[in-house]
Amino acid sequence: MANLQKSDALLVKDYVAGDESALATLIKRHESKIYGFIYSKISDKDISNDIFQDTFIKVIKTLKTSSYNEEGKFLPWIMRIAHNLIIDHFRKSKKMPLYRETEEFSIFSVMSDDSLTIENKIIADQVEIDIRKIIEGLPADQKEVLVMRMYQDMSFKEISELTGVSINTALGRMRYALMNMRKIIDKHQIVLTN
């Protein structure tokens, strides 16, 4: 009974210290929100139950290895785990191909699907997050040109004038940015799907 009044942070601490009932309290406290979130994206009871269970298996593993950092954000942390598992489910169930950038195909065209279903929206959001993380890892001069070209839709002439470099230099920076992104994608086996 005393567990019901405890904060999430204290319950996590108790569970890590060996109190199994603390986890049961946390699950009971948040199950409707978490399951509701999963079901709203999946719309299938059995799959939603599987993802819900997988979510708490990940929670338990993380707590048992003491790699959870309590910052008063227990529920958002669990929701993020559930969100990632939902994305994994859609990626696996669609058996979507891994896209490699070529001269004819740009990874940015993956984002251009106008008919987004809920699952495609979730996946598109994750792809956008992954792409932005990759872009953040680029050298500043390459990132600048890539952002101007891809996100601000500027011509290489405009980029050249704005950055004070020749058009060939701007083109070269764009080329190196795309090559570096390709290397990062391959190295970390990032799956960019539509």
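Colleague: How many helices and strands are there in the protein chain?

Modeller: Helices (H or I, at least four residues) and strands (E, at least two) are DSSP runs, numbered from the N terminus. The protein chain here has 8 helices and 0 strands. This is a predicted model, in which local features need pLDDT of at least 70 and side-chain atom pairs count only at pLDDT 80 or more, while totals for chains, interfaces and linings use all residues. Residues are numbered from 1 along each chain as its sequence is written, and side-chain values use heavy atoms, with hydrogens and water left out.

Colleague: What is the mean pLDDT of the protein chain?

Modeller: pLDDT is the predictor's confidence in each residue, from 0 to 100. Its mean over the protein chain is 80, and 82% of the residues reach 70 or more. Over residues 95-99 the pLDDT falls below 50, although this stretch has 15 contacts (heavy atoms within 4.5 Å) beyond near neighbours in sequence in the model. Residues 110-115 also have a pLDDT below 50, with 11 such contacts.

Colleague: Which residues in helix α1 are buried?

Modeller: Buried means under 20% relative accessible area, exposed over 50%, and partly exposed in between, with a 1.4 Å probe and protein chains only. In α1 (residues 8-16), the buried residues are Asp8, Leu11, Val12, Asp14 and Tyr15. They lie on the same side of α1 because they cover an arc of only 160° around the axis, the arc being that of the directions from the helix axis to the C-beta atoms. Just after α1, Gly18 takes a positive phi of about 115°.

Colleague: Why does Ser48 count as buried?

Modeller: Ser48 counts as buried because its relative accessibility is 0%. This residue belongs to helix α3 (residues 45-64). Leaving aside residues up to four places away in sequence, Ser48 touches Tyr35, Ile38, Tyr39, Ile42 and Ser43.

Colleague: At what angle do the axes of α7 and α8 cross?

Modeller: Two packed helices are described by the angle between their axes and the distance between the axes. Axes are lines fitted to C-alpha atoms, for helices over the stretch in contact, and angles run from 0 to 180 degrees between N-to-C directions. The axes of α7 (residues 156-163) and α8 (residues 167-187) cross at roughly 105° and come within 8 Å. The two helices are therefore roughly perpendicular to each other, a class that spans 65 to 115 degrees, with under 35 roughly parallel, over 145 roughly antiparallel and the rest oblique. Phe156, Lys157, Ile159 and Ser160 in α7 meet Ile167, Ala170, Leu171 and Met174 in α8.
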